[in-house]
Amino acid sequence: MGKVVGTNVKRKDGIEKVTGSAKYTDDLKFSNMLYGKVLRSPHEHAKIVSIDTSRAEALPGVKAVITGKDFPNVTGLYIGDRTVLAIDKVRFIGDPVAAVAAESLEIAERALQSIDVEYEELPSLVDPKESMEEKELLIHENINDYDHADFIHPVKDTNISNHFKLRKGDADKAFEEADHIYEEEFEVPMVQHVPIETHVSVAQSQLNGKLNIWSSAQSPDALRELVGVVFEMPLNQIRVDSVPIGGGFGGKAGLNPETPIAVALSKLVLGCPVKITYTRAEEFECATARPGIIARFKTGVKEDGDIIAQEIEYIWDGGAYNDYTVNVSKTGGYSCAGPYEIPNVKADSYCVYTNRPVTGAYRGFGMCEIHWGIEQHIENIAEDLGLTPLEMRLKNALKDGSKNVTGEELSDVGYSETLELAAEQIELDEKEDTGNPTKVRGKGIAGGYKGPSTPPNAASSALIQVLADGSINLLITATDIGQGAYTALAQMAAEALGVSIDTINVSTPNTDYTPYEWQTVGSRTTFSVGNAIINAAEDARNQLFDYASEDLGVDEEDLDMEDGIIFDTTDPDNTDKQAPISKYAIGIMYEDGSGRGGQVIGRGVYIPEGVSNLDENGQGRTVNHWTYGCHAAEVEVDTETGQVEVLNMVTTFDVGKAINPELVEGQLEGGLVQGFGTALFEEFVYDGGKLLNKSFVDYKIPTAMDIPNIETNIVENALGHGPFGARGVAEPAMIPAAPAIANAVYDAIGVRVKSMPITPEKILAALKEKEANDN
Amino acid sequence: MKQKIKFTVNGEVREYEVAPYQTLLNFIREDMDLTGAKEGCAEGECGACTVLVDGRAVNACMMFAVEADGKVIETIEGLASGSGLSVIQEIFIEYSALQCGYCTPGMIMSTEALLRRNPNPTDFEIKEAIAGNLCRCTGYTKIIEAIKAVAKKIN
């Protein structure tokens, strides 16, 4: 077959993006469009006593005003803990209370100011440890009655929305056999995805009952399904048009409030599209954030460095509504020990409600949060035992045949290889002396792993339509959120089919026309949709070869296709036994004008095999594939100012097979820099439940001037059941960045900062403390 | 009360009526349907709205439309010509210097402004020129490589 998998095909959507002609959701204009705005709670925890919308409704240009009780249905993918707008009470500052649709943004804003809401403030809970212990004050009083997925376990009469329990072997007994036991705690604050495009949705309810949605949402089918539940509509009456997405990172997964609020408004203004675009402040405060975590590790080791027991507790600060975060807490739980083989593990992962911003899926889905502690803890242990960071990791690393914390036996594991390569590249053992005693350099390494965190039965599908001239439409409902999905998927389709990639058009996803895709999340698209595409290509080829066999007089099993030419493999140069794909695009035609068959439409579906829910001890196989890798960092710390400069970083990931190496590099570099941002700059700063830094002035993300030099390495240990051997990489690429930097800082100045981010203040305080202890 | 203004946009002289409080960004997006420039923050911090005003890179969200009177405005839509993409646009694609594309128009306009005044920038000067253009997807590495390649090509 002509090889296009593994080559740097240029982005299929490049031209529209560099010319500014790509129309993102906020760019869309409709002739009778209305602007939607949301009225939000100023209190972090309060009862809604009354809402008077009469003044707003009377304003000229205001076309619709809604409140929570108009739409009482609950929405949730994993736990049903939220309604379209808050009804009886508000649970965070920014909780939507009412919404308006008006002829202009100015009128809409004036209408919000004209809505009178009476609140009765309640005491609030902003510390997850406190909230977890709390028995009287419940943030969700009806938690006992919430619908939830059967792998989610809310704890009755508490603020714990999920408790994931994992028991492998016998940790208590194994601790007795340990030569040394270490206990440590690490902390990660809430941070935000900061996509450059904020959340935005347009909804139009037509007079004939059909609903159209255009949205920045990552997953058209999930969006449609959840909207269907909330508004009690058949799915085929809802059409979600995919639109280019300006960055998602998980924040635009599932169903986010701007969509159901826009839909709700649209039902009152039939025919008029209603657009809701979040401001940047709303994006920070009211969209979705990454949960915070308090992570406690107790580890028992043998003298030689073998880790034999672990007791782990993760307490997740989930914020006011925990729909997605309950699954993050589960994923953190079943990945709790990092990429290491530990025979005895006792882990409890708690997702906790607090009166803080809503959290959810963020690139890594819990992995960044837990590896911050895992990858520093293991180095503290190593140092105490007299092992190097690399030795300690290699000794305990997952390998082929290892059993992970859920007892799954692993294969195709490339972790050790990535560690050795990264350590070599950054010259981990060599440190530079700057000659200036106040500028100290250090190097560090950290590893990570992840698999797609999906329900075991998450399904993908693909259709390959052959058109009359032999050109192809590839129909999928995966979205391109920047990662280059359309390009990589087209490459796999071209190679699996046997045509030139230039003949493949990726049809824009549209739930009326393109087939089911569970979600574009979890680094699953290349893997899952890729496998569906391979199946669709095989189906298309079977149809083509059925016609060609009859037409050319060649046995079907002797036929192949390359570059769109079907040929006889036993007689490859015989042009009488060849035909272009276009000849059979609409079936086989006969000399007398009749024909047989019809359009060649290849159909492929895929659900991963061998995965199911874990048992009550968190044991089993629930992850369809794992990706391993690491980052290494070289930093320079200014001991007078506490500033950390990251000079160089190396990223090494085993991606199985790089379908498009340049796109893979893009993920490695982008993920690394996003992790670097959380390591040094990013955190939500609060006064109680009030978010103080909801703008770029006070919440800084990396700029071009901040980034280190980055070396990327792609390792390829084929994944047996991956399409062309490929694994996901988008999320893994972010996981080890922050702990690698923390480890490099430790190497430089001998102090650990155990809470993200590593700020100059924390460095200086830690240096002072170290000096005091040394004296 | 609307105000009359006259300015050049992507090579064409045009006359408009603008509201006094309207930003240049809002005006070009809503009234001229030039949606390439994006609103990322509306407070001059992210650069997604970068356009050229008399050859200088400006955050259009921080400028009132009335201030455009008598000026030469260039947006991303004006870069490609009848004969095809500009060099910067071609090389951005060639070097995979974009992912979601939302920061891309602003990033390209900042690059255009840089290379007009400094056709042979150092690495530092490149980073400084795009420091006001936030990108969350690429990690900037390929963007910087692309800009270096453009400089090399035009010199």
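Visitor: At what angle do H6(A) and helix H7 (residues 258-266) of chain A pack?
Guide: This is a predicted model, in which local features need pLDDT of at least 70 and side-chain atom pairs count only at pLDDT 80 or more, while totals for chains, interfaces and linings use all residues. Residues are numbered from 1 along each chain as its sequence is written, and chains are lettered from A and ligands numbered from 1 in the order in which they are written. Helices (H or I, at least four residues) and strands (E, at least two) are DSSP runs numbered from the N terminus, and axes are lines fitted to C-alpha atoms, for helices over the stretch in contact, with angles from 0 to 180 degrees between N-to-C directions. The axes of H6(A) and H7(A) are 11 Å apart, and the packing angle is about 50 degrees.

Visitor: Which class does the angle of H6(A) and H7(A) fall in, and is the crossing left-handed or right-handed?
Guide: Angles under 35 degrees are roughly parallel, over 145 roughly antiparallel, 65 to 115 roughly perpendicular, and the rest oblique. H6(A) and H7(A) are therefore oblique to each other. A crossing is left-handed if the near helix is turned anticlockwise from the far one by less than a right angle, and right-handed if clockwise. The crossing of H6(A) and H7(A) is right-handed.

Visitor: Which residues of H7(A) make the contact with H6(A)?
Guide: Two residues are in contact if their C-beta atoms, placed from the backbone, lie within 7 Å. From H6(A) come Leu223(A), Val227(A) and Val230(A). They meet, in H7(A), Thr259(A), Pro260(A) and Val263(A).

Visitor: Where does Glu232(A) lie, and is it buried or exposed?
Guide: Glu232(A) sits in the loop between helix H6 (220-230) and strand S14 (238-242) of chain A. A residue is buried if 20 or more other C-beta atoms lie within 10 Å of its own, exposed if 12 or fewer, and partly exposed in between. With 7 C-beta neighbours inside 10 Å, Glu232(A) counts as exposed.

Visitor: What phi does Glu232(A) have?
Guide: Most residues other than glycine have a negative phi. Glu232(A) is not a glycine, yet its phi is positive, at about 50 degrees.

Visitor: Where is Ser96(B), and what is its phi?
Guide: Ser96(B) lies in the loop between helix H2 (87-94) and helix H3 (104-117) of chain B. Ser96(B) is buried, with 24 other C-beta atoms within 10 Å. Although Ser96(B) is not a glycine, its phi is positive, at about 55 degrees.

Visitor: What is the omega of the peptide bond from Met756(A) to Pro757(A)?
Guide: Pro757(A) is in the loop between H16 and helix H17 (760-774) of chain A. The bond from Met756(A) to Pro757(A) is cis, with omega near -10 degrees.

Visitor: At what angle do helix H15 (residues 661-680) and helix H16 (residues 737-749) of chain A cross?
Guide: The crossing of H15(A) and H16(A) is right-handed. Their axes come within 7 Å and cross at roughly 55 degrees.

Visitor: Which residues of H16(A) make the contact with H15(A)?
Guide: On H15(A), the contact is made by Leu672(A), Gly675(A), Phe676(A), Thr678(A) and Ala679(A). On H16(A), the residues are Ala737(A), Ala738(A), Ile741(A) and Ala742(A).

Visitor: How many residues does H15(A) give to the side of chain A that touches chain B?
Guide: In total, 42 residues of chain A are in contact with 40 residues of chain B. The elements giving two or more residues to the chain A side are helix H1 (14-18) and H15 of chain A. H15(A) gives the most, with eight residues.

Visitor: How far apart are the axes of helix H13 (residues 485-497) of chain A and H14(A)?
Guide: H13(A) passes H14(A) in a right-handed crossing. Leu489(A) and Ala493(A) are among the H13(A) residues that meet H14(A). The two helices pack at an angle of about 35 degrees, and their axes are apart by 9 Å.

Visitor: Is Lys657(A) buried or exposed?
Guide: Lys657(A) is in the loop between strand S31 (644-654) and H15 of chain A. Leaving aside neighbours within four places in sequence, its contacts include Gly6(A), Glu716(A) and Phe724(A). With 21 other C-beta atoms within 10 Å, Lys657(A) is buried.
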